[in-house]
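Subject: Structure for you to look at

Hi,

Here is the structure I promised to send over. Have it open while you read, and I'll go through what I found below.

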Amino acid sequence: MDATALAFLAVGGVGVLVLVLALVGGEIGHLGHPDADGPFSLPAIAAFVGGGGFGGAAASALLPDLPGVVTVLLCLVVGVVVALPLAAGAVKLASGLRDMPTAPTLTEGDLLGSQGVVVSAVPAGGFGEVRLSLGGQQLKYAARSEVALPTGTPVYVVDTPSPTSVEVVSTAPEPSGGTPT
């Protein structure tokens with residue numbers, strides 16, 4: 001392997017090292033400028049340097065024997081041609097990850113009015129368990145009720161005494177057709 005290929009491989013290795021540091025250390029030590037974005041972000045620069053180095057090394061291996069300066073210039077051109085789409089891809093990927101929409105964390109207030117079903121019988125004034133459907137997730141909570149509720153009873157949350165418990169009322173129809181008391 002000639003010196004030109006080794007030099008370009010070393011540059012590519014530096015790009016990979018910077019990218020790993022940006023991904024791992026970016027959260028730890030805030031590598032790079034915190035306001036740097038787009039083509040001047042650390043991942044974009046690392047992708048450009050790595051792509052340029054590895055693209056130049058590949059070109060060096062494929063080119064015929066040419067004078068040293070011509071080989072280096074052609075390797076630089078090929079390296080830049082390879083590096084530009086890689087840097088653009090890094091910008092697009094980082095932007096997509098940074099701007100990804102996420103749902104807010106559920107709070108006790110989000111439980112009010114939710115519906116579910118009793119999974120462990122709730123004794124009058126005691127605790128049982130209910131499964132609630134919130135935000136597409138099935139969540140289990142400790143539940144209290146003023147009246148006993150057997151397993152399988154559909155319920156409605158009326159209060160959240162703590163982050164892990166709810167107070168519920170039955171939404172099952174009365175068997176006699178009367179009104180609940």
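Let's start with Thr 4: it counts as buried because its relative accessibility is 17%, and buried means under 20% relative accessible area, exposed over 50% and partly exposed in between, with a 1.4 Å probe and protein chains only. Thr 4 sits in helix H1, residues 3-29. Beyond its neighbours within four places in sequence, Thr 4 is in contact (heavy atoms within 4.5 Å) with Ser 60, Thr 71, Val 72 and Cys 75.

A quick word on where this comes from: the model is predicted, so local features need pLDDT of at least 70 and side-chain atom pairs count only at pLDDT 80 or more, while totals for chains, interfaces and linings use all residues. Residues are numbered from 1 along each chain as its sequence is written, and side-chain values use heavy atoms, with hydrogens and water left out.

Now the overall layout. The protein chain has 4 helices and 5 strands, where helices (H or I, at least four residues) and strands (E, at least two) are DSSP runs numbered from the N terminus. Their order from the N terminus is α-α-α-α-β-β-β-β-β. The chain has 181 residues, and 28% of them count as buried. For contacts between residues at least 6 apart in sequence, 50% join residues at least 24 apart.

Next, the helices. How do H2 and H3 pack? Helix H2 (residues 42-62) and helix H3 (residues 68-98) meet at an angle of about 145°, and their axes are 7 Å apart. Axes here are lines fitted to C-alpha atoms, for helices over the stretch in contact, and angles run from 0 to 180 degrees between N-to-C directions. The residues making this contact include Gly 51, Gly 52, Gly 55 and Gly 56 of H2, and Val 78, Gly 79 and Ala 83 of H3. By type, the contact of H2 with H3 has 15 nonpolar, 6 polar and no charged residues. In that count, Ala, Val, Leu, Ile, Met, Phe, Trp, Tyr, Cys and Pro are nonpolar, Asp, Glu, Lys and Arg are charged, and the others, Gly among them, are polar.

The largest nonpolar core has 13 residues, and Val 130, Leu 132, Val 166 and Val 168 touch the most other members. Such a core is a set of buried Ala, Val, Leu, Ile, Met, Phe, Trp, Tyr and Cys residues joined through side-chain atoms within 4.5 Å. Strands S2 (127-134), S3 (137-144), S4 (154-162) and S5 each give two or more residues to this core, and S2 provides the largest share, 3 residues. Leaving out residues up to four places away in sequence, Leu 132 touches Val 157 and Val 166, among others.

Is Ser 165 buried or exposed? Ser 165 is buried, because its relative accessible area is 6%. Ser 165 lies in strand S5, residues 165-170. Among the residues that Ser 165 touches are Phe 127 and Tyr 141.

Lastly, Ala 103 is in the loop between H3 and helix H4 (108-111). Ala 103 counts as exposed because its relative accessibility is 69%. Ala 103 and Gly 135 are 32 residues apart in sequence and 8.7 Å apart in space, C-alpha to C-alpha.

Cheers
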